[in-house]
Amino acid sequence: MKNQLPGTLAVQVPVASHRRVLPVIPIIFFLPIALSIFQVFDSHLLKIGMAVTLCSIVFAVMITHSVLNKRYKLVLGLLLIIPIYFSISVASSDFSYFSIRTMITSFPKSLSPGGDFFMGTDYEGRDILATIIIGGMNAYLVATIATIIALLLGIPIGLALAGKGKLVGNVASVITQFFEIVPQLFFVLIVLGVFNFWAAHSAATRLVAIYAVPMAGLAIGLSSLPSVARIIENRVLQLSSRRFVTALRSSNVNSAKILFYNILWKNCLTELIVQATFLFGATILVESALGYAFEIGFGELGTGGYLSWGKILAEARRSILFIENLWIVAFPILVTIMSILGVNLIGDTLVNILSNDR
Amino acid sequence: MDPIQSSETNTTILSVKNLTCIPKRTGTRVVDDISFEIFKGQSVGLLGESGVGKTTLFRAILGLLPGSDWNIKGDIFIDDISVVGLSPRKLEATRGRKVRCIFQEPAQSLNPSLKIDRQLVEAITTITPKLNEKEAWGKAAQALLDAGLSDPEMVINRYPGDLSGGQRQRVGIAMSLCRQCSILLADEPSNSLDSLTVTELIDTLKRLKKQEYLGSIFCVTHDLSVLKALEADRVLFMHDGKLYESGSIEETLSNPRHEKLEEMVNLAKTVNRHLGDCEGNEERQFADTLISIDNTNFAFQKKSLFKKKQSLVLRDINFEIKRGEFLALVGSSGSGKSTIGGLLSRIFTGFTGEIDFSGINLKKFKNRKEKEKFYRSLQVVFQDPADTFDPSITMRQNLSECFKAMGLDKRQISSSLGELLELLLLEERTLDEFPRNLSGGQKQRFALLRAFGAEPAVIIADEPFTHLDLIAQNRLIEYLKRRKQDSKNQLSCVLISHEIGIVSKLCDRIIVIDEGKIVENNLVDRIINYPEHKVTIKLIKAAKMLGTFDSFGSE
């Protein structure tokens, strides 16, 4: 009887399960990189076959799940990121095979798609499928490194911006404003150009080859740090004026615990994940533009010679100029657009799913 | 013919026919097939718990529900003109002349950067364009007088920011009263206004209705005492989007026709009975001092471009709270009583003077142990405590985080949780829900649970009788009463309220605060029977009118 009093019955909303999704995201995200353990096997067919099977299973599960939940936007997003995801999986499981195929120039030149070459060959007689796969892997790696660096630096700087410390806050705001003012591509070009010229000049080209991808990631990550920092700043300022913080404080909860556990971990995580997704998409585009810019400007030395979708485009400028052998440019353009669209669609869905609780 | 002049008794002023409002996003029937009529000269109350669709109905009548978000079916007639689907200009013409309304927060309906007299004159000339400015100001002055502002000239050439909160509320009300109308709509007048303003408002409304300045009154509220003071002719009761007719207010109180309504009335009566039991307690003697406040001043720090402005919120506060004593801080809104609560609970720091809590200096703790001891023995029930929980973790996590920080170990936490859940009528499963999945009332009871959990020596409750729902109020009073009798582990309590009637039944001593100063500090009997300061007299008058001194519908 007692439970029949007004107000006692809870509004019947299912307990939120969105947070269950969260641990799955990094697993799916880092799976392709982990596939590089397959490199110990000998047979190319085995390595590539296993990678493709595994990824297909993951995608089948994700797509079925989203269809069942009627999240059609997510289905579209997942379908669109298939090329880049499979690229990185396949390339990291059998890196040597594909990288050698991108270096061989003895194939017939500008062969149209079909037969042995699924996407044809380019002007210099390289397999376009292999270059796209390696380029996709590099794009994925650069975007991953950039996003992680933006998060790692952006969160503490955002906290410093929101905090009360004058000196720390000023330093943080100078850093943030520097990256806000300097155009992103300009900054990245300068950093990479200087580094690559220096490395090639002083040490060896080997250094360039090893550090080219991480340096690109670092430069892009640094330049996109303000977007993370500003989000953290706003969110922390807004949350710390909420009344639950006062309530926790007057129950003697440690202010460090309130900041890191209640505010940052429990109430900022979803924003960060969503922002990271959008950063990832944006970085793919920047990386592509970077490859293109270096190829037409600095040549091999600029990017450190790593393959990128932008670089393929730049090398095949002829086909755009003379409108001939269009498959050479069509495929890199297509995968770039698909990947960015797909990642953004997934980000949109994440916004919808994760922001349900506010 | 102007309907206000007509002497027919059965003129329909507002009629709602089969009204259904459905928000497009969720598709729930918030207002479900409602029909009713309001005749000229009636005062009608719409009663219902929070969240049953009262405000939606109110806004539908005013045409304030945007068509992009709401599916509205049915018809609303104001003086035989159908207002559903009318073009904005025509709607303005009908609504402006016939309907006036008082919104939940009248103080906020003023434009902060326009002078008040200009705003009022503008409001009047929009509806009746033929008036010149002087005549319009005359009307505005009359409305200000009606709204309880004794000196209308004082608002001339002043901005809303120059007035106090209570004065702003009155100006907002004056804006609603500045023209004759066939019907006045009021939305939850008791929610945001303090008891002084509410009683004055109700007085004014009754008088204006008698003078036929207002045709009829339609008052939306969840507060039975407001309807009682208004002497409502008819009470409509709303539950789950449906409307029920329940006769006059006396009938409603003595013979409620719907079971939910009966529950509401009964709850209100139990609160009163509980309070009634407390009355007539013998004067208690207290030995040792628990909290003492000496010469305390407090000002909020304002950041200004040129100089640091400081206006003192509290001046020369001196009082003591004995162990086991129940103390009430009473004053009208904006008097600084909540600030004192904030100082005692260390939400605000940076005061001058000394506050001493059984040997602990509140300015600075000596060590961690002292801090833990302080926070464990002093608990706050916040004003409107429903949103004082972290939205992203479950109730159990919320509570155990607080209890752990207060120094309770695991076994103590689980034992006190089990005991208190029972006491507060909460189900076990609600512990594992997120705050957003619980109703406001449940969250309020969880806030009480958090306050009771560590068996504190002092509880500071900020406006518990206006913002808590009736179940939570019942539980709070019951708990306070039980701990009052408990001589072993004595509880002191500070109740911050503007309802002098209710607190006088619970407390031993009353402190009346006005404009940041203590104006009276004495035992309850003395203050009630021989009030000295004019604020005290006003508060007592307001409480008598709202009937908080006596019980509802004597059984």
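In chain A, the C-alpha centres of domain 1 and domain 2 lie 25 Å apart, with domain 1 covering residues 20–93 and domain 2 covering residues 141–319, bounds that come from an automatic or database domain assignment. This is a predicted model, in which local features need pLDDT of at least 70 and side-chain atom pairs count only at pLDDT 80 or more, while totals for chains, interfaces and linings use all residues. Residues are numbered from 1 along each chain as its sequence is written, and chains are lettered from A and ligands numbered from 1 in the order in which they are written.

The mean pLDDT of chain A (the predictor's confidence in each residue, from 0 to 100) is 84, and 89% of its residues reach 70 or more. Over residues 1–16 of chain A, however, pLDDT stays under 50. The secondary structure of chain A comes to 17 helices and zero strands, where helices (H or I, at least four residues) and strands (E, at least two) are DSSP runs numbered from the N terminus. Of the 358 residues of chain A, 41% count as buried, a term that requires 20 or more other C-beta atoms, placed from the backbone, within 10 Å of the residue's own.

Chain B is likewise assigned domains, namely domain 1 (12–268) and domain 2 (287–301 + 311–546), and the C-alpha centres of these two lie 33 Å apart. Their contact, which counts residues whose C-beta atoms, placed from the backbone, lie within 7 Å, takes twelve residues from domain 1 of chain B and 15 residues from domain 2 of chain B. On the domain 1 side, H5, H7, helix H8 (224–230) and H10 of chain B each give two or more residues, and H7(B) gives the most, with three.

Helix H5 of chain B (residues 165–177) has 13 residues, which at 1.5 Å a residue should span 18 Å, the expected span being 1.5 Å times one less than the number of residues; its end C-alpha atoms are 19 Å apart, which agrees. Twelve of the 13 residues of H5(B) are buried, among them Arg168(B), Ile173(B) and Leu177(B), and the buried residues pack against strand E6 (99–102), helix H3 (116–127), helix H4 (133–146) and helix H7 (195–210) of chain B.

Between the chains, 36 residues of chain B are in contact with 25 residues of chain A. Helix H13 (395–406) of chain B is one of the helices that supply at least two residues to this side of chain B, and H13(B) gives the most, with four residues.

How values were computed. Two residues are in contact if their C-beta atoms, placed from the backbone, lie within 7 Å.
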